[in-house]
Amino acid sequence: MSHLKLIEYTHSLSVSVGGKRMRLENRAVLITWILISGVFGLPSKALSSQLSLSERGNVFSKVQGEKILQKQQRVPQQKEEEGSVGIENLSPLSSLSVASVPFSITNQENEDGMSQVTSVSQLKDVQPTDWAFQALQSLVERYGCIAGYPNATYRGNRALTRYEFAAGLNACLNRVNELIATATEDAFKQEDLGRLQKLQEEFAAELATLRGRVDNLEARTAKIEASQFSTTTKLSGISIISIQGRTNNRADIAPRDGIKDTQDIGTNTTVINFNQLYLTTQFDPKSYLVTGLLAASGETAPRLSNDVILGYEFSTNNNFVLSDLHYHRLLSSKFAIMVGTSNVNMTSAFRGPNRAESGATGPLSYFAQRNPILNTGFAYQGGLAFDWQFAKRASLQGIYTSARAGNPTKRNGLFDGNTTTGVQLLVTPVDSLDLSVYYLNNYSSTGCLETFVGDDCLTAVNPTTQKREPLKTNAVGATVNWQISPKFTLGAWGGYTNSNIPGRSGNVETANWMVYLNFPDLFRKGNLGGIYVGQPPKITSSNLPIGNNVPDIINGGSGRSGGQPGTTTHIEAFYRFQVTDNISITPGVIHIIEPGHTPNSDSITMGVLRSTFAF
């Protein structure tokens, strides 16, 4: 039967169902007819439309790679009057795996909250000029089994889920039963019964299929309800197994005199495993709590420099430790906060322009994840962060964090230990271009920035106290990501730090940079190729007092100012093969020229094979 013929029935049929003589088959026909003409909307073309990105919200996932990260890293273009956090879209991010949007500010509407409408005028997206307007008007006002969404929309052109179908079927069945119970014997018209019987005959096969699908749906729903982990908490996780080894090499270690005097003893092939579990608990549509547990073992140590550290290298001897504990709250549609005692840092609070950034599915090395100054003070930090979407294509993030907030001893605690204050401006002038600029101020009681990349300890160990002098650091940097085409992305970052010992003369400066190419969907959809070339943080100048100047100490301690004599160059290439949606395998090669910024040390080549499993 054509759609027009069904609409003709809808417009002409005046149903006042009466009499207990009405058979069950006729009721089924009536229900089917109501659903087809009202809920499905009688489409004149294939139901292929889907919600736009702005309607779905800023969906993100921690390990699904370039395909998801393209959606997650954009400055969200959301409806100004709405804002919510949906647990179905939450996958907590760890700086140990991938940095991304910390707050998951979404505008996804709660589709479980459909409510009954009593007049078609209540549906703001249904107009009198719509071709199915009269059919909807009849079904709403005569039968009362059409439900709308919480924002007073009907969405007549979108596809119908099986859950929505079951909800509509139940509503119409209840309404028909009410009509049967209250109708009088003479209220039923014979001509209406004829039309219903004709519909029954024409849709007999569809009705039989429908009954089977509804039964199957009920069974599956019962199974899900019986086995679900929690109605308010989502369990997710990631597991990485990696095999790596590096070539034999010798290094010129202190005193740096041009002689390769030290053999690298950590060249045996090793296995690293990294496992992380997340519990994301949603309290209401605008707040949630993230709890993370981590267990890992294996590393690239012993090593002569930190140039070979991998992005997922964080050994706990396979003992579970608390890696994440932070609470997120959406205060308005454009402003969110994060507060916690563990993993509150710039990698989890700042949005990263590089959409392939991920220790699980992106680059292999720790250096290639992001600008190292964004790792400053990295530890189990506690603190407070905010995310402000102040314009359609611009946002501002800020953070205050302490690496040892729970330790009350000297040079520790919330304000006296390794503390960092940072701010980032992220703009997307056009859809293909993301640009972020950032500034941070750090106080380190240990004299180390704790970035674990390149030159991160900027004062030398005092031979008397066996401690380093504390440092105050100001740092600036910028990252740009240009998606030239869907299958080719060019990006770069640069960073500069200036540090001094409080109350003493002199300062120390460092610089780092990286240029990268990402190739999404290389050879196959879902795969990712990448080439990264850069310089890890390097002390370019230091005139700190004698005994504190790191390059001078390494070079023999003659008391001369200056920077490192060599320049480390990091070259990395990898290819991620997406086996399934949840499994990927990534082989890659990392080549280090002049490791430790020492010109006379051998180059290092490391091969890596990483396997990632996510759920």
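**Reading Glu 313 in a predicted model**

Modeller: The side chain of Glu 313 makes a polar contact with the side chain of Arg 303, at 2.9 Å. This is a predicted model, where local features need pLDDT of at least 70, side-chain atom pairs count only at pLDDT 80 or more, and totals for chains, interfaces and linings use all residues. Residues are numbered from 1 along each chain as its sequence is written, and side-chain values use heavy atoms, with hydrogens and water left out.

Biologist: What is a polar contact?

Modeller: A pair of N or O atoms within 3.5 Å; within protein, one must be able to donate a hydrogen and the other to accept it, and residues adjacent in sequence count only if both atoms are side-chain atoms. The Glu 313 side chain also reaches the backbone nitrogen of Thr 300, at 2.8 Å.

Biologist: Is Glu 313 buried or exposed?

Modeller: Buried means under 20% relative accessible area, exposed over 50%, partly exposed in between (1.4 Å probe, protein chains only). Glu 313 has 13%, so Glu 313 is buried.

Biologist: Which residues does Glu 313 touch?

Modeller: A contact means heavy atoms within 4.5 Å. Leaving out residues up to four places away in sequence, those touched include Ile 272, Gly 298 and Val 308.

Biologist: What does the protein chain average in pLDDT?

Modeller: pLDDT is the predictor's confidence in each residue, from 0 to 100. The protein chain averages 77, and 76% of the residues score at least 70. Over residues 1-82 the pLDDT is below 50. Where pLDDT is low, the predicted coordinates should not be read in detail.
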